[in-house]
Amino acid sequence: MDDWATMLAQANAGDGRAYAAFLRTITPVLRGVIRAKGGGLGEAVCEDVLQEVLLAVHLKRHTWQVGAPVRPWLYAITRYKVVDAKVLGFSLIYLQRGIF
């Protein structure tokens, strides 16, 4: 098992520090993948896609199987989120402060 797999396995077993380390480790890598695959989306949209990927990882981390490689699992999630942003569009909604 590589470092990512070890951290994710520990995170899925309830280790919050391992989960935080996992997220800190994968974030810059995924950011680079999103920027490379999402050419033309713009920096702000790429950051929004990154947040979508991290949310999907959080919600679906239980689907990763211990012993399976982590990178293909992560890259598949990332690829689908980039495609969603390109095909479906990614609209930003700006809210003024104090309107609530």
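What covers the buried residues of helix α3? The cover includes helix α2 and helix α4 (70-87). This is a predicted model, in which local features need pLDDT of at least 70 and side-chain atom pairs count only at pLDDT 80 or more, while totals for chains, interfaces and linings use all residues. Residues are numbered from 1 along each chain as its sequence is written, and side-chain values use heavy atoms, with hydrogens and water left out.

**Helix α3**
- Helix α3 spans residues 43-60; helices here are DSSP runs (H or I, at least four residues), numbered from the N terminus.
- From first C-alpha to last, the 18 residues of α3 reach 25 Å, close to the 26 Å expected at 1.5 Å a residue (1.5 Å times one less than the number of residues).
- Buried residues (under 20% relative accessible area, 1.4 Å probe, protein chains only) in α3 include Val 45, Cys 46, Val 49 and Leu 50.

**Where α1 meets α2**
- The axes of α1 (residues 3-12) and α2 (residues 16-37) come within 8 Å and cross at roughly 140°, with axes fitted to C-alpha atoms over the stretch in contact and angles running from 0 to 180 degrees between N-to-C directions.

**Asn 12**
- Asn 12 is found in helix α1.
- Beyond its neighbours within four places in sequence, Asn 12 is in contact with Arg 61 and Trp 64.
- The C-alpha atoms of Asn 12 and Val 66 are separated by 9.4 Å, though 54 residues apart along the chain.

Conventions
Helix = DSSP H or I, 4+ residues; strand = E, 2+ residues; numbered from the N terminus. Buried < 20%, exposed > 50% of the residue type's maximum accessible area, 1.4 Å probe, protein only. Contact = heavy atoms within 4.5 Å.
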